[in-house]
Amino acid sequence: MQIGIVGLGKMGGNISIRLTRHGHDVVAFDRDPAVTAKVCAQAEGGRAIPATGLADMVGKLKGRRIIWLMLPAGEVTEQAVQELGTLMGKGDIVIDGGNSFYKDDIRRAAELVTKGIDYIDVGTSGGVWGLERGYCMMYGGTKEATDHVDPILSALAPGIGDIPRTPNRDKPGFDPRAEQGYLHCGPAGSGHFVKMVHNGIEYGIMQAFAEGFDVMRSKNSDALPENQRFDLNMADIAEVWRRGSVVSSWLLDLSASALAGNPDLSNYKGDVADSGEGRWTIEAAIEEAVPVPVITASLFTRFRSRTGNNFAEKMLSAMRFGFGGHIEGTNN
């Protein structure tokens, strides 16, 4: 298939390259022409060509046009969707693969459908590792439109890989795509809603790891009786937990790597940003009257981290950089 990709940053560029490796053709655009040229040069077999803007991209796409936006949530994405609404036509598809607020998706889909344009929201997880590992995707939109772009989503998904299959998934009612790493969640907005909650859960898991390592690191404090002090090796503990522990996970893998590289994490300040999904998850929980104390506490800790940091915040920064290349003090 042919698809346009707008926004060639840490994930958009890798999405473009991965698609060309799976036989798809990409029309690529980034506001920085040098970035566009670099992605096109890295694409497989000349399958990516550059565009100079959205109008140029629409003109270079053939047949039923598909454009995937990989832009920051908010005004940048809003402007792009609105512009595409004037450039694209009946049967065309706009995909937002960023981290937009799900209520914005519902509104945009309703606006575009009046012009015959389909809108699909794709919550995309995989960070800077997605080029090789693939992307876990949760998406919303009409069945017809999402089925049409299934070859694109299938190419981006990680596949079943070497993860053991979950017992009883051969029963009726389960979507076989889920174990391939991508899932149609429902109508427009549902994909980003599920990804929003995913990121809220991520906040809580990261916070628990960070606090636990801080407790262990502080066990040699002068405030404790001398016979109760332990000088524990954080890197070794992270490593042993990776081997058969019930808390083993990718986040623990990233923690172990960061601690092995620099045990005191002095290369991090611990100034932990929040990119919006944690706040939105808490807002949704309030609307539904669902208690989420862990996620709420983890978000408030990120606020506190910007006024002075401890080892726990440095652990959070190390994990965020590990999975997403996120730079301290920014939402990127």
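## The annotated span

The end C-alpha atoms of residues 191-330 lie 25 Å apart, and this span is 61% helix and 0% strand. Helices (H or I, at least four residues) and strands (E, at least two) are DSSP runs, numbered from the N terminus. An unreviewed UniProt entry places "domain: 6-phosphogluconate dehydrogenase C-terminal" at these residues; UniProt positions follow the numbering used here, feature names are shortened, and annotations may be inferred rather than shown by experiment.

This is a predicted model, where local features need pLDDT of at least 70 and side-chain atom pairs count only at pLDDT 80 or more, while totals for chains, interfaces and linings use all residues. Residues are numbered from 1 along each chain as its sequence is written, and side-chain values use heavy atoms, leaving out hydrogens and water.

Strand E6 (residues 118-125) is largely enclosed by the rest of the structure, because eight of its eight residues are buried (under 20% relative accessible area, 1.4 Å probe, protein chains only; exposed is over 50%, partly exposed in between). Asp118, Ile120, Val122 and Thr124 point one way, and Tyr119, Asp121, Gly123 and Ser125 the other.

E6 runs parallel to strand E5 (residues 93-96), joined by four bridges, and antiparallel to strand E7 (residues 136-140), joined by five. Strands pair if DSSP finds at least two bridges between them. Asp96 has Asp121 as its bridge partner in E6, and Gly123 stands opposite Met138 in E7.

## The cores

The largest nonpolar core has 32 residues, with Leu19, Trp68 and Met137 making the most contacts inside it. Such a core is a set of buried Ala, Val, Leu, Ile, Met, Phe, Trp, Tyr and Cys residues joined through side-chain atoms within 4.5 Å. Apart from it lies another core of 25 residues, including Phe209 and Met234.
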